[in-house]
Amino acid sequence: MKNLAINGGTPVRNTSLQAEYLGASLYGAEEMSALERVIKAKSPFRYYGLDCQKLVSKFETKCKQKFGIQNALGVSSGTAALIVALKAAGVGAGDKVIVPAVTFIATAGTVVCAGAVPVFADCDDSLNINPDEISRLADKYTKAVIPVPLLGNSCRMDKIISEAKKHKLVVIEDVAQSMGSKFNGKYSGTMGDIGCFSMQLNKVLTTGEGGMVCTNNENYFERACRFHDQGMYREKEGFLNTVNSENLIIGQNYRMSELTGAVASEQILKLDWLVENCRRVFRSIMSKIQPNEHIQFRKIVDEEGFLGTSILAFASSTELAAQIRVAISKENVPCGYLYNGKPLYLNPQIFYQRTADVSGFPFNQFEEPVVYSEGMCPTAEDLMSRNIHIPLSPTFTEQDCDDVANAFNKVVLALCSK
Ligand SMILES: *Cc1c(COP(=O)(O)O)cnc(C)c1O
């Protein structure tokens, strides 16, 4: 106990280890020269300009090749990707959508924005949605399910898709945190009906803000294009030259700019290197961590397809987890907890259903009121309350990996001996 930095002992590291933002850590001459092209051409808009470089299109083409999918659409954010996907799938007022208990708030917020209501499914020991929950929760209103591969850990897409089929649900994969992860050799985001990606700073690749929607379904793709660009399908029809097709809809603006496309089209080329090195770092650290009966690690669904962007563990109690987080941080290895130790529905804006609408919409559309309550998803509440999260970086050296493992082992040994 005495040797812990928290008790005045010497920390494992003299200086704090900085986990860099993943994609941004790889920014370099490539992103710079692509951006320069757009600036020099004075053409920052994707569909026209003085000398449009078509870099959003280039990014989309590279995504199609990389992920082996027929259609890809660059959009302005991961949130935009989800809204566009929900609208492409025809989700709206009067519908319910099954979302995981543990995810970022945007997964549920976009459902509300689409006019539908999120229904929360409990997780299993992977922290991802438990596929058995789909049949328990689906009712006559349920239109879609949004599995979220959390922090690089792919979902059990085989079971999710077969459960969704039973209830005729559209499967929208929210891969915001996990671009490049795979399940059974297939990229996350390409197995369901529509895949949604984010390139916000905290995600895998980054353009600061940005997103992508992909699908093999031509009908969904046309609707996605139209919804993201004021109802237009410019590749086919030109500006406001829309035909009165079955797919014509009133849209919004969720377009990606050429400035974003420039950086995105170079970042996508760095995905393999990034994933390889995140895995190297994760595996190196895990091979040095000593097992302890008070510590359990998140179940990795597909070891080969896992990104390894962070370490997520659960201590045997909430108090112990809190002590461990503080003690590891004092060793100069940043350690925190994921989502404040809570499933999403316990956040007040969701729990109390505070939408921007005064009327109670969209929660007032059903015979039975939609209620969120404590204890609703017991596994998620339990695991989240005991979580320990250590973000990793592809730029960690072997020494950095040793430091993380040493800090973890030192703290766990001292605090969990009895
Ligand atoms: C970040 C995130 C989003 C939203 O992406 P933005 O690009 O920030 O809008 C959606 N879903 C999940 C699971 C996320 O982590």
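## Aromatic pairs

At a relative accessibility of 3%, Phe306 counts as buried, because the cut-off is under 20%. Please keep in mind as you read on that this is a predicted model. Phe282 is buried too, because its relative accessible area of 10% is also under 20%.

Across the structure there are 12 aromatic pairs. In one of them, the ring centres of Tyr141 and Phe366 lie 4.8 Å apart with 75 degrees between the planes, so this pair is edge-to-face. Tyr141 is in the loop between α5 (133–137) and β4 (142–145), while Phe366 is in the loop between α12 (348–351) and α13 (378–385), so the two partners come from distant parts of the chain, 225 residues apart. Both Tyr141 and Phe366 are buried. Phe282 and Phe306 also make an edge-to-face pair, with 4.9 Å from centre to centre and 75 degrees between the planes. Phe282 belongs to helix α10 (residues 271–288) and Phe306 to the loop between β10 (295–297) and β11 (310–315), so their contact ties together parts 24 residues apart in sequence.

Some rings gather in a group: Phe120, Tyr345, Phe363 and Tyr372 form one aromatic cluster.

Lysines meet aromatic rings here as well. Phe366, the ring partner of Tyr141, also has the charged end of Lys96 over its ring, 4.9 Å from the centre. Elsewhere, Lys182 lies over the face of Tyr187, with 4.7 Å to the ring centre.

## The largest pocket

If you are looking for open space, the largest pocket has a volume of about 820 Å³. Its lining is made up of 35 residues, and those nearest the pocket centre are Leu151, Gln177, Gln200, Asn202 and Lys203. Two or more lining residues come from each of α3 (78–88), α4 (105–113) and β12 (387–391). Of these, α3 contributes the most, with three residues.

Strand β3 (117–121) and helix α5 each give at least two residues to the lining of the second largest pocket, and the largest share, three residues, comes from β3. The lining of the second largest pocket holds 11 nonpolar and five charged residues, with no polar ones.

## One cavity

Rolling a probe the size of a water molecule over the atoms shows where empty space is left. How many cavities of 30 Å³ or more does a search of the whole structure find? The search finds one, and the largest cavity has a volume of about 30 Å³.

The residues around the largest cavity are Asp124, Ser126, Asn128, Ile129, Pro131, Ser154, Cys155, Arg156 and Val301. By type, the lining of the largest cavity divides into four nonpolar, three polar and two charged residues.

Is strand β9 (residues 211–215) mostly covered or mostly open? Strand β9 is mostly covered, with five of its five residues buried. In a regular strand the side chains alternate between the two faces of the sheet. In β9, Gly211, Val213 and Thr215 are buried on one side, and Met212 and Cys214 are buried on the other.

Most residues other than glycine have a negative phi, and most peptide bonds are trans. The bond from Phe361 to Pro362, however, is cis, with omega near 5 degrees. Pro362 sits in the loop between α12 and α13.

Lys168 has a positive phi, near 55 degrees, and is found in the loop between α6 (157–166) and β5 (170–174). Lys168 is exposed, because its relative accessible area of 75% is over 50%. Tyr339 has a positive phi as well, near 50 degrees. Tyr339 lies in the loop between α11 (318–330) and α12 and is partly exposed, with a relative accessible area of 25%.

Notes
Residues numbered from 1 in each chain as written. Predicted model: local features only at pLDDT ≥ 70, side-chain atom pairs only at ≥ 80, totals over all residues. Heavy atoms only, no water. Phe/Tyr/Trp six-rings, centres within 6.5 Å; stacked < 30°, edge-to-face > 60°. Helix = DSSP H or I, 4+ residues; strand = E, 2+ residues; numbered from the N terminus. Buried < 20%, exposed > 50% of the residue type's maximum accessible area, 1.4 Å probe, protein only. Lys NZ or Arg CZ within 6 Å of the ring centre and 35° of its normal. 1 Å grid on protein atoms, 1.4 Å probe; cavity = no way out; pocket = protein on both sides within 12 Å on 5 of 7 lines; lining within 4 Å. Points joined across faces, edges and corners; volume = space filled by probe spheres on them. Nonpolar A, V, L, I, M, F, W, Y, C, P; charged D, E, K, R; others polar.
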